[in-house]
Amino acid sequence: MSTRYQFVVDGELSDRALAAFPELSWTPPSHGTTTLFGAVTDPTAMRGILARLDNLGLTLLEMRQLPD
């Protein structure tokens with residue numbers, strides 16, 4: 001069972017950076033942030049997303065679980 005999450009990242013992500021998150025959808029940048037969202041299947045998948053954010057040097061401003 002997966003849980004849906006939203007990740008708000010500082011800055012406008014390039015196409016290359018967005019490609020690092022194929023499992024997530026995104027909304028066009030707004031007010032200097034980019035929002036990624038989608039289903040996260042388990043804790044390992046969450047750690048993978050957070051690690052990719054870190055490896056790309058991105059600043060995670062907010063993360064929240066979305067309602068089903």
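Colleague: What radius of gyration does the protein chain have, and what would a compact globule with 68 residues have?

Modeller: The protein chain has 11 Å, which agrees with the value near 11 Å for a compact globule with 68 residues. The radius is taken over C-alpha atoms, and the globule rule is 2.2 Å times the number of residues to the power 0.38. This is a predicted model, in which local features need pLDDT of at least 70, side-chain atom pairs count only at pLDDT 80 or more, and totals for chains, interfaces and linings use all residues. Residues are numbered from 1 along each chain as its sequence is written, and side-chain values use heavy atoms, with hydrogens and water left out.

Colleague: What box do the C-alpha atoms fill?

Modeller: Along the principal axes, the box is roughly 30 × 25 × 20 Å.

Colleague: Which elements make up the chain, and in what order?

Modeller: There are two helices and four strands, running β-α-β-β-α-β from the N terminus. Helices (H or I, at least four residues) and strands (E, at least two) are DSSP runs, numbered from the N terminus.

Colleague: How many bridges join β1 to β3?

Modeller: Eight bridges join β1, residues 3-10, to β3, and the two strands run antiparallel. β1 also pairs with β4 in the antiparallel sense, over five bridges. Two strands pair if DSSP finds at least two bridges between them.

Colleague: Which residues stand opposite Val 9?

Modeller: In β3 the bridge partner of Val 9 is Thr 34, and in β4 Leu 60 stands opposite Val 9.

Colleague: Moving on to Thr 35: is it buried or exposed?

Modeller: Thr 35 counts as buried, because its relative accessibility is 16%. Buried means under 20% relative accessible area, exposed over 50%, and partly exposed in between (1.4 Å probe, protein chains only). Thr 35 is found in strand β3, residues 33-40.

Colleague: What does Thr 35 touch?

Modeller: Leaving aside residues up to four places away in sequence, Thr 35 touches Gln 6, Phe 7, Val 8, Ser 25, Trp 26 and Thr 27. Contact means heavy atoms within 4.5 Å.

Colleague: How many salt bridges does a search of the whole structure find?

Modeller: The search finds two, a salt bridge being a side-chain nitrogen of Lys or Arg within 4 Å of a carboxyl oxygen of Asp or Glu. One of them joins Glu 23 and Arg 52, with the closest N and O atoms 2.6 Å apart. Glu 23 lies in the loop between α1 (15-19) and β2 (25-30) and Arg 52 in helix α2, so the pair ties together parts that are 29 residues apart in sequence. Arg 64 and Glu 62 form a salt bridge as well, with the closest N and O atoms 2.8 Å apart.

Colleague: What else does Arg 52 touch?

Modeller: Beyond residues up to four places away in sequence, the contacts of Arg 52 are Ala 20, Phe 21, Pro 22 and Glu 23. Arg 52 is partly exposed, with a relative accessible area of 24%.

Colleague: And which residues make the nonpolar surface patch?

Modeller: Leu 50, Leu 60 and Met 63 make that patch, of about 210 Å². Patches are made of residues with over 30% relative accessible area and no salt bridge; like charges are joined within 9 Å, and nonpolar side chains (Val, Leu, Ile, Met, Phe, Trp, Tyr) within 5 Å. Accessible areas come from the Shrake-Rupley method with a 1.4 Å probe, and for residues only the protein chains shown count as cover. Leu 60 is in strand β4, residues 60-65, and counts as partly exposed at 32% relative accessibility.
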